[in-house]
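Here is a briefing on one protein structure. Please look at the sequence and model before reading the notes.

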Amino acid sequence: MTGGAEKSLRISQVGLRGVVGAALTASHALDFASAFGTFLEPSGGVIVGRDPRASGVMMREAVIAGLMACGRNVVDLGVVSTPVIQHAICRQDAAGGVSIGASHNSAEWNALKFFGREGTYLSTAEANELLDIYHLRKFDFVEWEKIGKLRQEAGAIDRYLDDIAAAFDLEAIRRFRVVVDCCNGTSSLILRRSNERFGTSFILINEKIEGVAFAHEPSTTRDAVGLQLAPLMRPLGADAGFLFDVDSDRVAVAAETGEPVSEEMVLPMLADYLLPRGPGRLIITNLSTTALVDEVAARHGGKVVRAPVGRQATIDALASYRPEQVAVAGEGTGAVMMPRFRFVYDGIASMLAVLSMMSERGQPLSQILAGYPRYSILKAQLPLATQRIPALLAELRETYRDGAANVGDGLRVDWPGRWFHVRVSQTEPVVRVICEQRGDPPRELFENLLDRVRNA
C-alpha cells in the first residue's frame, strides 16, 4: 500500500473508513465484519444496512460473509439510513448492527460503523476490544453446518416512521412548507414515504438516489446550505429548509429568509427546546462545539459536559449519567441525539424537533434564531503533513498560556468570550482548527493558528 493510500485509510475506535480501491478494500471489510461477529454476544442476529454509494454492494457482501462465517444470522435492510438500522436493532433485540456508509464524505469514500445491542455506538472499551480482535485476526469461524442465515427485510423505513410519528405531532407540522436537500441520500426515501403516509409537505431537491456523483459535497455546513437550498427559500415560499448528509444522521438549516444557518446552531436550538420539556439538565457535547450551548444551558439551569471529539467519547460520557439526567447530546456538525430515541444521532428527528419548536412557539425560524446572542466561528482543516503535532500543541500551549488549556483532545484554549481548538481528525488525515468568539469572528487568532500548523 502506498503512502497516499495509507493516508486514505483510517482504522480506529470510530471503525473503518477510507477511499475504496485506493485504500479500503473488500478484504478490510471482510476482516472487520469477522472481528465484529467474534466480538458480539452469543445470542441475537445482526442488522445490516447501507447508503447508496457505488461501493456499497461490494462492502455489504463482504460484511455479510464475515458475519455469517462466524455463525451470525444477518438481517439486510437494504438502502436505509443509520438511524433506521439503530431503531431496527432495538426493535428486533439484535446482538448489534453494521452501517455501511461514509456519511459526510464524498462518493469515493466508504466506512463501517458498528453498534451494540442497545443500538448505540460502541464504547471506547468495546471499540478497543473489537480492534484487538481485528488486528490479531482471531476470528470465531464456525463449521459449514453452523454458518449463519441471511434474511432480506423490507419495510424498515415504515417501522422507523412509526417511532417518529409516536414522538412528534406530525399533524401540527404539516402546515409548514419545508424544502429539503437530500444530497442524493437516504433522507429522500424516508421523507418521500412520510409525505405519502402522513401528508407532510416536504419539497425534496437532489432526491434521486445516487451512488457515484452526489449533487454536491455531502457536508452539513452553512456553506453547503448556501449552494442550492438557501436560494430556494423565498422563491418557494418555504417556512424552513434542511440539508442532510447521505446517511441522514446530520442536518443543517436554512431560515425562511433565505439565510443559511451555521451548523453549530442545531444543538443550541434543540437544547433550548428540550431542556424545559424533561428532567434532564445536562448537555453532552465535545470540545469543538460552540460556546452558545453554555449560554443556553445556563438560561434553563442546565450544565454542559464536554468530551473529546468523536462518537465513542460521547457514548462514554453518556454512560457516566442516568438517561433521565441528560436533555440532549450532540456536536457542532448538525449531529444531535435525543433521549427519546436512546441517544441515536438522527437528522430527521432533529429536523422534526426544530419544526415542532416553531409550531409550539408560533415563531418563524428567523425569529427563533434572532433570540440567541451572536457567536462567530471559523473552521479549517489542513493536510496532516507533519509528525510534529505533539510538539506544535506544546508550543501553542506555551504561546497562549494566558488562557485556560484543555488537552483532552489536541489543545483547546479558552478566554472569556473566545476560544480555539486544534486537533488531529480521527476519520481523515487532516488537522482541524476551530476558533470562536462572541460577536465578530476572531480572524487574527485564526490566521495565526493556521500559519503555525502549516509551518510545523
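This is a predicted model: local features need pLDDT of at least 70, side-chain atom pairs count only at pLDDT 80 or more; totals for chains, interfaces and linings use all residues.

Residues are numbered from 1 along each chain as its sequence is written, and side-chain values use heavy atoms, with hydrogens and water left out.

**D346**

- D346 sits in the loop between β16 (336-337) and α14 (347-361). Helices (H or I, at least four residues) and strands (E, at least two) are DSSP runs, numbered from the N terminus.
- D346 is buried and has no salt bridge. Buried means under 20% relative accessible area, exposed over 50%, and partly exposed in between (1.4 Å probe, protein chains only). A salt bridge needs a side-chain nitrogen of Lys or Arg within 4 Å of a carboxyl oxygen of Asp or Glu.
- For charge, Lys and Arg count as positive and Asp and Glu as negative; His and the chain ends are not counted.
- The side chains of D346 and Y160 make a polar contact of 2.7 Å. Such a contact is a pair of N or O atoms within 3.5 Å; within protein, one must be able to donate a hydrogen and the other to accept it, and residues adjacent in sequence count only if both atoms are side-chain atoms.
- A polar atom of the D346 side chain also lies 3.2 Å from the backbone nitrogen of A349.
- Leaving out residues up to four places away in sequence, D346 touches P83, H87, Y160, I164, S248, D249 and V336. Contact means heavy atoms within 4.5 Å.

**Nonpolar cores**

- The largest nonpolar core has 86 residues, and F242, L352 and L355 touch the most other members. Helix α14 gives this core its largest share, nine residues.
- A second, separate core of 32 residues includes L9, V48, M59 and I100. A nonpolar core is a set of buried Ala, Val, Leu, Ile, Met, Phe, Trp, Tyr and Cys residues joined through side-chain atoms within 4.5 Å.
- Beyond four places in sequence, L352 touches I164, F168, L170, I173 and F202.

**Cysteines**

- The structure holds zero disulfides. A disulfide here is a pair of cysteine sulfur atoms within 2.5 Å.
- For C183, the nearest cysteine sulfur is that of C182, 9.0 Å away.
- C183 is buried at 0% relative accessible area, and C435 is buried at 0% too.

**A54**

- A54 lies in the loop between β3 (46-50) and α3 (56-69). At 54% relative accessibility, A54 is exposed.
- The C-alpha atoms of A54 and E108 are 8.2 Å apart, across 54 residues of chain.
- A54 touches G211 and V212, not counting residues up to four places away in sequence.

**Salt bridges**

- The count comes to 33 salt bridges.
- E259 and R222 form one of 2.7 Å, N to O. E259 lies in the loop between β11 (251-255) and β12 (260-261) and R222 in helix α9 (residues 222-227), so the pair ties together parts 37 residues apart in sequence.
- E259 is partly exposed at 40%, as is R222 at 38%.
- R277 and E360 pair at 2.8 Å, N to O. R277 is in the loop between α11 (266-274) and β13 (282-286) and E360 in helix α14, 83 residues apart.
- D451 and R454 pair at 3.0 Å, N to O. Both are in helix α17 (residues 443-454), three residues or about one helical turn apart.
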